[in-house]
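I opened the notebook to record a few look-ups in one structure. My entries follow in the order I made them.

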Amino acid sequence: MRISKVIISSLATAALLLTVSAVPATAAPSPKSYKNCAELNKVYPHGVGKSGARDRTSGKPVTNFKVSNTLYSYNDGGAKRHLGERDLDRDNDGIACEKL
């Protein structure tokens, strides 16, 4: 009888720990169109690019930008699907507001 109480108690504790640890610590910002690169770089310091994008530069290319096709589309100005969308990828390399 005592062993079954210990087992039940252990399983209940494990289930509780798994439930608590499944909640993310911080939520990612929802995709939005930023007014300018200074605003975007406050949240994404190295810029935002679509998957497969490569920085076109004669110097050292930026490789540590946030990869998100959705977020990039909100800030590239191409489709103008979103109200207030800006064109923050002026060199059209697939990365908006890139910087080292």
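The entries below go through a few links and single residues.

**Entry 1: what I am looking at**

I am working from a predicted model. I keep that in mind for every distance and angle below.

**Entry 2: the disulfide**

I asked first how many disulfides the structure holds. The count came back as 1. Cysteine 37 and cysteine 97 form it, with 2.1 Å between their sulfur atoms. I then looked up which parts this link ties together. Cysteine 37 sits in helix α2, and cysteine 97 sits in the segment after β3 (95-96), so the bond joins parts 60 residues apart in sequence. The angle about the S-S bond is -80 degrees, which makes the link of cysteine 37 and cysteine 97 left-handed.

Cysteine 97 is buried because its relative accessible area is 6%, under the 20% cut-off. Cysteine 37 has a relative accessible area of 27%, so I noted cysteine 37 as partly exposed.

**Entry 3: the salt bridge**

I searched for salt bridges and found 1 in the structure. Which side chains meet in it? They are those of lysine 42 and glutamate 39, at 3.3 Å from N to O. Both residues lie in helix α2. They are 3 residues apart there, so about one helical turn separates them. Lysine 42 is exposed, at 63% relative accessible area. Glutamate 39 is partly exposed, at 32%.

**Entry 4: the aromatic pair**

I ran the search for aromatic pairs over the whole structure and got 1. Tyrosine 34 and tyrosine 44 make up the pair. Their ring centres are 6.5 Å apart. The planes stand at 85 degrees, and I logged the pair as edge-to-face. Where do the two tyrosines lie? Tyrosine 34 is in the loop between α1 and α2, and tyrosine 44 is in the loop between α2 and β1. The pair therefore ties together parts 10 residues apart in sequence.

Buried or exposed, I asked of tyrosine 34? Tyrosine 34 counts as buried, with 6% relative accessibility. Tyrosine 44 counts as buried as well, with 11%.

**Entry 5: aspartate 55**

I moved on to a charged residue. Aspartate 55 lies in the loop between β1 (48-49) and β2 (66-67). Aspartate 55 is buried but has no salt bridge. I looked for the nearest side chain of opposite charge and found arginine 56, 7.8 Å away.

What lies 2.9 Å from a polar atom of the aspartate 55 side chain? I found the backbone nitrogen of valine 62 there. I also listed the contacts of aspartate 55, leaving out residues up to four places away in sequence. They are Lys60, Pro61, Val62, Asp93, Ile95 and Glu98.

**Entry 6: proline 31**

Proline 31 is in the loop between α1 (2-21) and α2 (37-43). Its relative accessible area is 38%, so I put proline 31 down as partly exposed. I took one distance, from proline 31 to serine 68. The two are 37 residues apart in sequence, and their C-alpha atoms are 9.1 Å apart. Neighbours within four places aside, proline 31 is in contact with Thr70, Leu71 and Tyr74.

Methods:
Residues numbered from 1 in each chain as written. Predicted model: local features only at pLDDT ≥ 70, side-chain atom pairs only at ≥ 80, totals over all residues. Heavy atoms only, no water. Helix = DSSP H or I, 4+ residues; strand = E, 2+ residues; numbered from the N terminus. Buried < 20%, exposed > 50% of the residue type's maximum accessible area, 1.4 Å probe, protein only. Lys, Arg positive; Asp, Glu negative; His and termini not counted. Salt bridge = Lys/Arg side-chain N within 4 Å of Asp/Glu carboxyl O. Polar contact = N/O pair within 3.5 Å; in protein donor to acceptor, adjacent residues only side chain to side chain. Contact = heavy atoms within 4.5 Å. Disulfide = S-S within 2.5 Å. Phe/Tyr/Trp six-rings, centres within 6.5 Å; stacked < 30°, edge-to-face > 60°.
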